[in-house]
Amino acid sequence: MTETALRICPFCEATCGLTLTIDDGRVTGARGDHDDVFSAGFICPKGASFAELDNDPDRLGAPLIRRDGVLTGATWDEAFAAVAAGLGAAVRDHGGASVGVYLGNPNAHTVAGALYPPLIIRGLGTRQVFSASTLDQMPKHVSLGLMFGSPVAFTVPDLDRTDYLVIIGANPLVSNGSLATAADFPGKLRRLRKRGGTLVVIDPARTRTAEIADRHLAPRPGTDAALLFAIVNVLFEEGLVTLGALADHVAGLDEVRELAGDFPPETVAAHCGIEAEEIRTLARELAAAPTAAVYGRIGTSTVEFGTVGSWLVDVVNVLTGNLDRPGGAMFPLSPVAPAPRGPRRGRGFTTGRWHSRVSGHPEVLFELPVAVLAEEIETPGDGQIKAMVTIAGNPVLSAPDGDRLDRALAGVGFMVSVDPYLNETTRHADVILPPPPPSRSPHFDFALNNLAVRNNARYSPPALALQGCPDEAEILSRIALVIYGIGYDADPALVDEQVIATTLAKETADDASPVAGRAVEELTAMLADGPGYERRLDMMLRLGAYGDAFGARSDGLTLTRLKAAPHGIDLGPLQPRLPDLLRTPSGLIELAPPQLVTDAARLRDSLGHRGDGFVLIGRRHLRSNNSWMHNLPALSGGTNRCTLRIHPDDAAELGLSDTAVVKGPGGELVVPIEITEDIRRGVLSLPHGWGHDRGGTGQTLAASHPGVNVNQLNDGSVLDPLSGTAVLNGIPVIVERAVTPVGS
């Protein structure tokens, strides 16, 4: 019998609504949900491949346990007992602080990944926490924290209303958007231009997004921060600064003016490879546009001055009067964000509360740089990592110097991985606990609603029932029960009920809370029946910005109301939120935080000191997402290939025709080349997430066309000092002819 079910796509940040086709208890197809309030039917190749990923024969259907050095099938009870024994021994012998935790990007796309890892980390009491954030967006967290007092006060371009959009270091026609959750980003850009707006793309490569732009500027990689500072210089020097409604909410304007004096366009032009007049024109047009927004992404983050560049994106938005106004850069309001409680000063944002044991890198947002994970495992002494928990991550491919991390993980005392695949990282685990496929899992965007370009609320219950296995929430809850000393065989609902009790006790004791003074027992009894994760979601919705405050607002949001709207609830366009969301000690936007002022001096000193050799940048593919979607037939082939893109003139000078050797600080790779004029001279591009050529993995199709691991060229020694983020773009490399072609 054929049925349909609605599902929010969990594969990228666009969060599109899908309509699944189900035949005899199996997903057989997916199309866009035309009634979805956020995506209105848009779908990309990744979403269309939902059935293939859901039914991938290489997905693990049962746990694996290492016996006599070999990973073999096991029952769930055996697997949890092995976790209890292995983690229990590590905690007993070395303390919870000896356990490292790594969280991969897919945690942002699952209910369980949002709700349960913090409980595991807290229970361990470990400071050895690592995630894909220090390979991706951590500079943005730091800049937001320093400017606004909150590292999750995300600014996103108001795509539906802006007149002038600058995209720097991003390719949303391929990525579908990132740190700006926007279903049908391509359509929004087309509509921008159709209504007479202007699109400017700043990227060393002529990407698919750059191809549709009104103007494309191709600077040298890694120079975004200097370019943005030159724009700031012009805004001040030509009297174009207009704070508008922000005038009474900004501190540090004079300090930024003074800093910008060191970055005149004529000085920056040679550094960036962009003509001074082009910089001036861009600054003037930004200032003159009725509304404008600057949006920077991974190409701006994963560079030497990633935090400074991320900061300057919003500095430009502030100086042109385009922060927190329709058509500019605005602050989304998630349905699970706490209900607004009016302007109040906060404690601000700090980093460096502790440092990594070996290299002394500062903590940022309770994490250490993933680039130091290998040394924390390898180096003996007090605090050495003796055990690992990895959840939905493959750092052997995503972190710098995967060979070193590969060796380090092979020597860790005990490792448990929650992951559906036997991949380059999980092959080192002693226990692998596979979560069920997406069709049998719930979906709510706890993280990505904080980035949505239009406020909305949507929930997808599991489309299909579980078949003899726990869901991911139960898997992570049982790990938490082990860590808290209760035992994996206790009721996993205890975990959620404890969180609910603790949260409601705090809320009822807070005079500013919408449930202040009420009885915890009364509120708990009002929560929806169902799994623990649904009860927690119901609590968060009721306490949230649109919530019913547990019955106090009759038209407010609850999980019951959300379930009754299977296509979602539209909560309207973004609205101004300042000064209510500011949590700086001053209660103002800190335009010139001391940490960023100091690093701006380092940026100034770097001007004119760039080498003449080749530099390497990454690349996104429409049919790929990091390291975990190369095992699907529908997404392999076509342009989704691991090739080295190089300009024809550079290829001719080097005598390259089909294959090249690329050498970097961390190693060298032999890779097929792709000659194209869509990249500036002196720049090379390799996509990330490849390198499926290690033995002992279980992804058959991926292993048949493995590609090369671009991060092996990187030794991880160069980090953005303010965020601990690995410098993955703009790294110097050497390229030569390969003596032996690939595959011969």
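Is Gly273 buried, partly exposed or exposed? With a relative accessibility of 35%, Gly273 counts as partly exposed. The cut-offs are these: buried means under 20% relative accessible area, exposed means over 50%, and partly exposed is in between, using a 1.4 Å probe and protein chains only.

## Ground rules

What you're looking at is a predicted model, where local features need pLDDT of at least 70 and side-chain atom pairs count only at pLDDT 80 or more, while totals for chains, interfaces and linings use all residues. Residues are numbered from 1 along each chain as its sequence is written, and side-chain values use heavy atoms, with hydrogens and water left out.

## The whole chain

The chain has 26 helices and 28 strands. Both are DSSP runs numbered from the N terminus: helices are H or I with at least four residues, and strands are E with at least two. Along its principal axes, the C-alpha trace spans about 70 × 70 × 60 Å.

A compact globule of 744 residues would have a radius of gyration near 27 Å, and the 25 Å of this chain agrees with that. That radius is taken over C-alpha atoms, and the globule rule is 2.2 Å times the number of residues to the power 0.38. Of the 744 residues, 60% count as buried. As for contacts (heavy atoms within 4.5 Å), look at those between residues at least 6 apart in sequence: 73% of them join residues at least 24 apart.

Now find the open sheet whose seven strands come in the order 5-4-17-16-15-6-7, with mixed pairing. Two strands pair if DSSP finds at least two bridges between them. Strand 5 (70-73) and strand 7 (129-131) stand at the edges with a single partner strand each, so one side of each has no neighbour in the sheet. From one strand to the next, the twist averages 20 degrees.

Strand 4 (residues 64-67) and strand 5 run antiparallel and are joined by four bridges. Arg66, for instance, has Leu71 in strand 5 as its bridge partner. Helix 3 (residues 76-94) packs on this sheet, touching strand 4, strand 6 (99-103), strand 15 (387-391), strand 16 (414-418) and strand 17 (431-433). The direction of helix 3 makes about 125 degrees with that of strand 17. For such angles, axes are lines fitted to C-alpha atoms (for helices, over the stretch in contact), and the angles run from 0 to 180 degrees between N-to-C directions.

## Strand 28 and its partners

Further along, strand 28 (residues 731-737) runs antiparallel to strand 21 (residues 614-617), with three bridges joining them. Here Val615 stands opposite Pro732. Strand 28 is also joined to strand 23 (residues 659-664) by four bridges, and this pair runs antiparallel too. In that pairing, Val661 has Glu736 as its bridge partner.

How far apart are the end C-alpha atoms of helix 10 (residues 224-237)? They are 20 Å apart, which agrees with the 20 Å that its 14 residues should span at 1.5 Å a residue. The expected span is 1.5 Å times one less than the number of residues. Helix 10 is mostly covered, with 13 of its 14 residues buried. Just after helix 10, Gly239 takes a positive phi of about 65 degrees.

Helix 20 (residues 493-508) has 16 residues that should span 22 Å, and its end C-alpha atoms agree at 22 Å apart. Its buried residues include Val495, Val499, Ile500 and Leu504. The buried residues of helix 20 pack against helix 5 (117-124), helix 19 (472-483), helix 21 (520-526) and helix 22 (532-543).

Leaving out residues up to four places away in sequence, Gly273 touches Ala218, Arg220 and Arg680.

Thr15 is in the loop between strand 1 (2-8) and strand 2 (17-23), and counts as buried at 3% relative accessibility. Not counting residues up to four places away in sequence, its contacts include Phe38, Thr181 and Asp445. Ser717, in the loop between helix 26 (700-704) and strand 26 (719-720), is exposed, with a relative accessible area of 53%.
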